[in-house]
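Have a look at the model before reading on.

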Amino acid sequence: MNDSHPLLAALSQLLGPAQVLTEPEDLLPYGFDGTAALKQRPLAVVFAATPQEIAGVLNLAREHRVPVVTRGSGTGLSGGSIPVPGALVLCVLRLNRILELDTRNLTLLAETAVITQAIYDAADGVGLFYPPDPGSMKISTIGGNVAENSGGLRGLKYGVTRDYVMGLEVVLADGSICWLGSKCVKDVAGYNLRDLFIGSEGTLGVITKVLLKLLPKPAARQTLLATFAEMEAAAETVSAIIAAKVIPCTLEFLDQKTMRCVEDFAHVGLPREAQALLLIETDGHPAAVADEAALIMELARRHGATEVRRARDAAEAAQLATARRSAFSALARLRPTTILEDATVPRSELARTIRFIGQVAERHRLEIATFGHFGDGNLHPTFLTDERDRDEMHRVEIAMKEIFDFALSVGGTITGEHGVGLAKKAFLQQQLGDASHALLRRVKLALDPERLLNPGKIFD
Ligand SMILES: Cc1cc2nc3c(=O)[nH]c(=O)nc-3n(C[C@H](O)[C@H](O)[C@H](O)COP(=O)(O)OP(=O)(O)OC[C@H]3O[C@@H](n4cnc5c(N)ncnc54)[C@H](O)[C@@H]3O)c2cc1C
């Protein structure tokens, strides 16, 4: 019985009984995340409200040799917050305050579970800008974003979460609480340990506070839509835009299946007959934005776009961005199981990779819709399947491996933004090589010698 585990009484004493869940029906929602076909019931779930309580939880877990899986909003797409058998889920959602908005230094200090959208809104309210915008930003936590080094629609021009983290407070496996980084724009004192924790997927420590860099809000924005009868033409347009030394803030791609699905879901007037759609946003000084938008439209037409148009106003631009963010949810309505991958390739290989994904789908009789951050080379081949159908799932596994093999063969990566977690650990060594893979393990063991923190994620 769960309740008989000696750790649980100690946790109740530390946090109060209301902050410790042990009933099977309470544990159920903490046994899975946004990753399809993976689940595991935890031993218990605890809610800590301060770094000191988190240190107390880790000390008790160490004493009782129970693994700890840190969890934010549970939207991860690589199984990072799925418990390992017998694990304690440490849910950090009570650490949810913005602590400081420093308009003189352009920084924001937040507790780990502040929702990404709330960070954006707080900055926006004082004329500042927090660029990383994962599709899940209305629910994901900033700590989860840091732990996965999440990207988003604006990655091409503004980079990913890592580019905005100036400091972190982290609770280590031994219960010590560290501050890493500073408000200084330049700071080279000691090893850059802050960066080690960015993208560490809960395997090295528990992030409790995040100090973020903010930017001045761009004065103007324009959103453009270009449709193509052939996917190659869309890919060539992307290459031409980059070659023309224009870096739009957003350069998103939807294939026909995704486009139709999003249109059925969001009703924003996307063309149903086109083979590919590019959603492009340029931002900055109004004159530069106008010039860039005109050049992008010309390049799209020159490379065979069947239609190119500007969003009528800010409301339509926001509607289009929201529609793009809904791609995963829209596709998830088609079949019982939706497996979204994020193989990423050098941009020059995009057209070839998308063609290859189409061939894989045909060869294995699978339904795969593809969309993604074209400007970053970050694709989301999305398998629309049914986990109850063993034969189909077997074909999905083979197809996925073929796609990863292909991405690696053209100099790509198995994950551009979703992390390795459980879902992709089998492919990591193939990408990194033996020596780098072994180095990762040595770092893990140096910080967490008892393998208490999210064991079995990233590697076995
Ligand atoms: C509809 C949808 C759209 C998405 N779009 C994008 C996208 O555009 N770009 C993108 O990059 N991702 C995207 N994601 C994936 C996901 O939202 C991100 O990975 C996000 O950062 C996870 O945040 P979370 O709070 O849900 O973290 P969780 O899922 O709870 O955790 C993710 C990982 O981080 C660890 N972790 C969480 N909090 C902490 C902490 N405080 N300290 C240490 N470790 C911690 C967990 O152990 C786990 O390994 C999307 C997901 C969905 C469902």
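Two residues are in contact when they have heavy atoms within 4.5 Å of each other. Keep that cut-off in mind for the packing described below. The model is predicted.

**Helix H9**

Helix H9 covers residues 256–266, and its buried residues are Gln256, Thr258, Met259, Cys261, Val262 and Glu263. What do the buried residues of H9 pack against? Their partners are strands S13, S14 and S17 together with helices H11 and H12. The ranges of these elements are as follows.

| Partner of the buried residues of H9 | Residues |
|---|---|
| Strand S13 | 250–255 |
| Helix H12 | 327–331 |
| Strand S17 | 367–373 |

After H9 comes His267, with a positive phi near 50°.

**The cavity**

The model has one cavity of 30 Å³ or more, and the largest cavity holds about 50 Å³ of space. Val262, one of the buried residues of H9, belongs to its lining, as do Leu225, Leu254, Leu270, Leu277, Leu279, Leu320, Ala323 and Arg324. By type, the lining has eight nonpolar residues, no polar ones and one charged residue.

**Gly202**

Gly202 sits in the loop between helix H7 (193–197) and strand S10 (205–213). Is Gly202 buried or exposed? Gly202 is buried because its relative accessible area is 12%, and buried means under 20%. Beyond its neighbours within four places in sequence, Gly202 is in contact with Ala147, Leu453 and Asn454. Gly80 is 122 residues away from Gly202 in sequence, yet their C-alpha atoms are 7.7 Å apart.

Notes. Residues numbered from 1 in each chain as written. Predicted model: local features only at pLDDT ≥ 70, side-chain atom pairs only at ≥ 80, totals over all residues. Heavy atoms only, no water. 1 Å grid on protein atoms, 1.4 Å probe; cavity = no way out; pocket = protein on both sides within 12 Å on 5 of 7 lines; lining within 4 Å. Points joined across faces, edges and corners; volume = space filled by probe spheres on them. Nonpolar A, V, L, I, M, F, W, Y, C, P; charged D, E, K, R; others polar. Buried < 20%, exposed > 50% of the residue type's maximum accessible area, 1.4 Å probe, protein only. Helix = DSSP H or I, 4+ residues; strand = E, 2+ residues; numbered from the N terminus.
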